[in-house]
Structure formats: structure tokens, C-alpha cells
Amino acid sequence: MNAPLHLGHRVRILSQAIRQAIDRKLCDLDLTGQQSFIIRYLSERQGEVVYPKDIERRFNLTHPTVSGLLQRLESKGFLTCEPDPDDRRYKRLALTEKAAECQKEIWQHIQSLEKTMTTGMSEEEADTLVRLLDLAAKNLDVSLDFDCIKEECKP
């Protein structure tokens with residue numbers, strides 16, 4: 001069987017559709033998809049010290065992009081940026097109660113979207129899709145550093 005034509009184009013269209021669907025669902029929470037991913041990342045690290053540099057590395061974003069995202073999240077009341085007591089040049093990130101309350105709803109939106117995306121697929125087909133996407137990313141030397149996989153993810 002020949003490789004599918006225009007695979008990159010299909011992946012880009014799917015990626016855009018996912019981003020738009022997430023943004024639409026999170027609009028009521030006054031969040032974007034990218035902001036929700038940062039909230040999720042921080043919620044999984046409750047009790048750990050997290051700095052903006054950690055966000056830059058995890059999401060492969062530039063310093064200005066992360067600064068803007070964090071400033072918006074802070075102005076909306078989702079997180080705080082406090083100086084590190086050991087070195088005041090660094091800012092520690094912490095979620096607020098508002099973010100903690102939204103976390104469950106964010107996770108429900110993501111699960112709903114994934115269920116919609118796999119409608120009409122058997123469980124085996126959905127597993128195959130995940131396996132093939134992981135393989136394609138690996139073939140391109142993309143690190144898939146997922147914090148949680150499938151049922152192991154808990155809100």
C-alpha cells in the first residue's frame with residue numbers, strides 16, 4: 001500500500017480543528033486551549049516548584065510567548081507568580097483556587113473532544129490511531145513527553 005498523499009496537510013487541518021474545538025469549549029471559562037494546557041501542567045505538579053522556564057521547555061515555547069500566556073492567566077485570576085525566596089530573579093508559579101475549580105471541567109472538555117474524534121472507531125481502531133500517531137512523531141524525532149496516557153489520567 002502506498003503512503004497516503006498529503007498526510008501533512010491532513011494532520012495540519014486536524015490540528016487546527018482540534019485547537020478550534022478546544023477554544024470553543026473553553027470560551028465559557030475565559031480560557032484558550034493553550035492556557036488550559038498550562039493549567040493542567042501546573043495542576044499535575046501541585047507541591048512542586050515550577051518556573052516559567054519549565055513551561056517554555058515542556059511546551060517548546062519562546063520566553064515572550066510564555067510571559068504573555070502567564071500574564072493573561074494571572075490577570076484572569078488562574079495563577080500567581082511569586083518571587084522565589086532563594087533567588088528573587090525567578091518567579092514561582094502557583095495555581096489559584098479558581099484554576100483548581102476549572103481543572104475538572106477542562107478535563108471533561110478534553111475527554112469529550114477525544115470521544116467525538118473517535119466516534120465510529122472501534123476501541124482497537126482508536127488504539128491503532130494513537131499507536132500510528134506516536135510512531136509518526138517518533139519517526140520525526142519528536143519527543144512525546146505525555147504526562148498521562150488514557151485511563152491513567154485523572155482530573
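Residues are numbered from 1 along each chain as its sequence is written, and side-chain values use heavy atoms, without hydrogens or water. Because the model is predicted, local features need pLDDT of at least 70, side-chain atom pairs count only at pLDDT 80 or more, and totals for chains, interfaces and linings use all residues.

**Exercise 1.** Determine which residues of helix α3 are buried and what covers them.

Solution. Begin with the extent of the helix: α3 comprises residues 52-59. Helices (H or I, at least four residues) and strands (E, at least two) are DSSP runs, numbered from the N terminus. Next, apply the burial terms: buried means under 20% relative accessible area, exposed over 50%, and partly exposed in between, with a 1.4 Å probe and protein chains only. The buried residues of α3 are P52, D54, I55 and E56. Finally, the cover of these residues includes α2 (33-43), α4 (63-75) and β2 (91-95).

**Exercise 2.** State whether E56 is buried or exposed, and which residues it touches.

Solution. E56 is placed in helix α3. Its relative accessibility is 10%, so E56 counts as buried. Contact means heavy atoms within 4.5 Å. Leaving aside residues up to four places away in sequence, E56 touches L61, T62, H63 and V66.

**Exercise 3.** Explain why the pair of Y41 and F59 is classed as it is.

Solution. The structure holds two aromatic pairs. Rings of Phe, Tyr and Trp (its six-membered ring) pair if their centres lie within 6.5 Å; planes under 30 degrees apart count as stacked, over 60 as edge-to-face and the rest as tilted. The ring centres of Y41 and F59 are 5.7 Å apart and the planes stand at 70 degrees, so this pair is edge-to-face. The pair links distant parts of the chain, since Y41 belongs to helix α2 and F59 to helix α3, 18 residues apart. Y41 counts as buried because its relative accessibility is 9%.

**Exercise 4.** Identify where N60 and D30 lie, and describe the phi of each.

Solution. Most residues other than glycine have a negative phi. N60, which follows α3, has a positive phi near 55 degrees. N60 is found in the loop between α3 and α4, and its relative accessible area of 70% makes it exposed. D30, also not a glycine, has a positive phi of about 65 degrees. D30 lies in the loop between α1 (7-26) and α2; at 44% relative accessibility, D30 counts as partly exposed.
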